[in-house]
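Please walk through this model one selection at a time, with the viewer open beside the text.

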Amino acid sequence: MKLLSPLFTIALTACFSPAAQAEKPALDLSEAVLTTSLIAANLSSRAYDDATLWASNDTDTGFFHPDFDSIKFYTNEPDQAIVAQKNGLCFLAFRGTNANIDDWSQNAGLGNIDVFRDNLINLQGESCEARGGFADFLQTTEAVEGLVDLEACLANCTSTDCLVITGHSQGGAASAIAAVTLFRHSPTVITFGQPPTMDAGCPYIISEKYYRYVNSMKDIAEDDDMGFDLVVFAPNWISRSEHYGYYIMLGEDPTAVNYLGFDTDYTFVPNLEDNDPNAHSMSGTPFAYETRIAALLENLPVSLAGNGLGFICENDYAELCESNTCPKFECIPETGLEELCIYNSCDEDDDCAGDAVCIYDSCAAGPGLVEPGCACFKDDDCAGDVECITISLLAAEFRCEGGNLTSASADPIMRNAGATLPLVSFFTGLFYAIF
């Protein structure tokens, strides 16, 4: 991957990075919370559907979906909302951004608006400032009709925790704004890949009932690289909009999430070059938000401490590992990697368990104890009379001769009696990095 200038990356990251993190409030990702989150994810996906797919003459709402007790769509292209009922809860879901110029230009609107508590615009001082482009749909007749039907659903609730507002991307931003206008109903908000939306310090968002899921994944093109949802980390230099609620990082481990912060109190922000549009997928892929939530629900109880051993990480993102240890591209035990002869698994001796040492990026029993088929730097690294040979010069791949050479590279081509060939490979790598 071609990286940006380190100074440029540092400058941009500084604009995103909050202050040092305080103690977070407890997060309960119980079966009930994850079940509601999966329903929310399903509705956030359905919000992208053509509403006519679910049109029906056999229901009072004019729509039918087998997964919901009732459902109705409200469309004003390019935007759409859904009011649905399931498990005794009333759901309000908003569509995210579609791939058309009208929707993108709407999102690009940098003007701010005042969002009043319970939509009572005569309440001076009881409002919060939000990005104007995210609120356009809420001012349409279709949205007003949806809110009337939502109130009818809520009137039949027997619980004070009846309302769930949800959305993906721009739909998550609309959810945050709607939460202020529906503050009297004490809504739970569940968003997926939401951009910064509102100014910090809004007292009409109930942060303890706000679940903000953020996705990470293994890069499709590079197995040893990570990608993060780029929309979540959209620049907020002009708008100064911020995030709310529990910051929940999803990843490759189906048994765990990483609880990274609360409201504006978080420290984890990925490097700019690792923001990946693929990680923004809502559904239909193995790494989509809906897929991730479904996997967690199947693997209860869910750990909040991060990825388990063996799952992808990067040295810059060791905090995403439960062990907080990632010398290369995989979470390893805090005490070091016990397995020997794992190519590209260590940077220094401390990355290896016990008395093992790191020789040419692989843990070995010690100097002069590298087994045949394992990485080496020079002949003296190899056990017995085995020699260190070059498997691939361009790939800087060297192995002790003999044993089971499993490399997919070319056959051994020359003996490496000292440091000459690694130095050649260093300059080869430097050439590619520059050009």
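This is a predicted model: local features need pLDDT of at least 70, side-chain atom pairs count only at pLDDT 80 or more; totals for chains, interfaces and linings use all residues.

Residues are numbered from 1 along each chain as its sequence is written, and side-chain values use heavy atoms, with hydrogens and water left out.

**Whole chain**

Select the protein chain and colour by secondary structure: 7 helices and 18 strands are present. Helices (H or I, at least four residues) and strands (E, at least two) are DSSP runs, numbered from the N terminus.

Next, colour by accessibility. Of the 435 residues, 51% are buried; buried means under 20% relative accessible area, exposed over 50%, and partly exposed in between, with a 1.4 Å probe and protein chains only.

For contacts (heavy atoms within 4.5 Å) with a separation of 6 or more, residues 24 or more positions apart account for 57%.

**Disulfides**

Select the cysteines. How many disulfides does the model hold? The count comes to 10, a disulfide being a pair of cysteine sulfur atoms within 2.5 Å. Three of them are visited here.

Start with C313 and C326, whose sulfur atoms are 1.8 Å apart. The torsion about their S-S bond is about 95 degrees, so this disulfide is right-handed. Both C313 and C326 lie in the loop between α6 (289-297) and β14 (357-359), so the pair ties together parts that are 13 residues apart in sequence. C313 has a relative accessible area of 0% and C326 one of 4%, so C313 is buried and C326 is buried.

Move to C352 and C363, with sulfur atoms 2.1 Å apart. Is this disulfide left-handed or right-handed? The S-S torsion is about -90 degrees, so the disulfide of C352 and C363 is left-handed. C352 sits in the loop between α6 and β14, while C363 belongs to strand β15 (residues 362-364), 11 residues apart. C352 and C363 are both buried.

Then pick C376 and C388, where the sulfur atoms are 2.0 Å apart. Here the torsion is about 95 degrees, so the disulfide of C376 and C388 is right-handed. C376 is in the loop between β15 and β16 (388-392), and C388 is in strand β16, 12 residues away. Both cysteines, C376 and C388, are buried.

**Cis peptide bonds**

Select E77 and P78. The peptide bond between them is cis, with omega near 10 degrees. P78 is in the loop between β1 (70-76) and β2 (79-86).

Select L300 and P301 next, which are also joined by a cis peptide bond, with omega about -5 degrees. P301 lies in the loop between α6 and β14.

**Positive phi**

Select S169, a residue other than glycine with a positive phi, near 60 degrees. The loop holding S169 runs between β6 (163-168) and α5 (170-181). Is S169 buried or exposed? Its relative accessibility is 6%, so S169 counts as buried.

Finish at Y360, also not a glycine, where phi is positive and near 50 degrees. Y360 is in the loop between β14 and β15. At 22% relative accessibility, Y360 counts as partly exposed.
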